[in-house]
Amino acid sequence: MLTRFEELLGTDFAGRPTGDVDDVIHDGHDHAEHRERVPGLVSLLGDASAADRERFLACLALVAWGEPAGYETVRHLSLEPRRAPWYDLLIDRKFSVDSSYGHLSAAAADSRELALEKGASALRVETFRSLIRMADREYFEEKLGDYLDEDVVRACLPDIRDVICRGLGSLAVGSPRRFDVATQLVDLANSVVVVDEDLAVELVLEILRAAPSGRAMAHAVAAVHRAQGPAGQALAADLYRSGTAHVRALLAGRG
């Protein structure tokens, strides 16, 4: 007999048992039958006696499928992100810190079409707003800045500016860092290029002045490749002048 979790996320949409939860979540985008599993997932998510892993995956599926219950959970958790029941369940290998919010960000990005279909697009944007506001404190494993579409960036531009400003303040006073905050903020600034190229470059340069590093500069090259105007050209010149051989190679498209 299948467990509740196995019925919800351990069974594909042809009714076959599978150990690949990611495939089930991904396939839900193409199968309207995923809606039949939503009530069970909401129940599992809210069950404090259930395994933390199962609750996290329930939340991940609900977010990926554009469900308000998933979005609202992420927004609620963002108020005190380290109190999530599954916090520290997923540990990033590079910095040995929790990376669950990166996975939730990726799920929110994937949910765009279903959110539109279900009338939850505004809630999706608010979910990203909540995630963006944590970018100076929680690690997203490079699954935040590059996952923001133009509509989200435009709506959340003040939040992006605010979190970068707050992060710069922390860098300026030498606050202890659990991960590479500067590079994560650069990735976030890069997302602004599609909305305001001048502002994006200004933000990138502010971050690099506060915390110059080869890794942050390498990530800043993405802003150069996305830009189309003089601000991007100026950033390219600055990176070429002060960057490493690796950064120069990336600028030339050889990295």
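The largest pocket of this predicted model is lined by 20 residues, and those lying nearest its centre are D22, I25, L57, L60 and H103. This pocket has a volume of about 500 Å³, while the second largest pocket holds about 160 Å³ of space. The structure also contains one cavity of 30 Å³ or more.

**Largest pocket**
- Helix 2 (21-27), helix 4 (52-64) and helix 6 (100-110) each contribute at least two residues to the lining, and helix 4 gives the most, with five residues.
- Sorted by class, the lining of the largest pocket comprises eleven nonpolar, four polar and five charged residues.

**Second largest pocket**
- The residues that line the second largest pocket include R82, D136 and R137, together with R177, R178, F179 and V181.
- Helix 9 (residues 150-172) gives the most to this lining, with three residues, and by class the lining of the second largest pocket has four nonpolar, three polar and five charged residues.

**Cavity**
- The largest cavity, with a volume of about 30 Å³, is lined by Y139, E142, D180, T183, Q184, D187 and R215.
- Helix 10 supplies the largest share of the lining of the largest cavity, namely three residues, and by class this lining has one nonpolar, two polar and four charged residues.

**Helix 12**
- In helix 12 (residues 214-226), the buried residues are A216, M217, A218, H219, A220, V221, A223 and V224.
- What covers these buried residues of helix 12 includes helix 10 (181-190) and helix 11 (197-210), as well as helix 13 (230-242) and helix 14 (245-251).

Note on methods:
Residues numbered from 1 in each chain as written. Predicted model: local features only at pLDDT ≥ 70, side-chain atom pairs only at ≥ 80, totals over all residues. Heavy atoms only, no water. Buried < 20%, exposed > 50% of the residue type's maximum accessible area, 1.4 Å probe, protein only. Helix = DSSP H or I, 4+ residues; strand = E, 2+ residues; numbered from the N terminus. Contact = heavy atoms within 4.5 Å. 1 Å grid on protein atoms, 1.4 Å probe; cavity = no way out; pocket = protein on both sides within 12 Å on 5 of 7 lines; lining within 4 Å. Points joined across faces, edges and corners; volume = space filled by probe spheres on them. Nonpolar A, V, L, I, M, F, W, Y, C, P; charged D, E, K, R; others polar.
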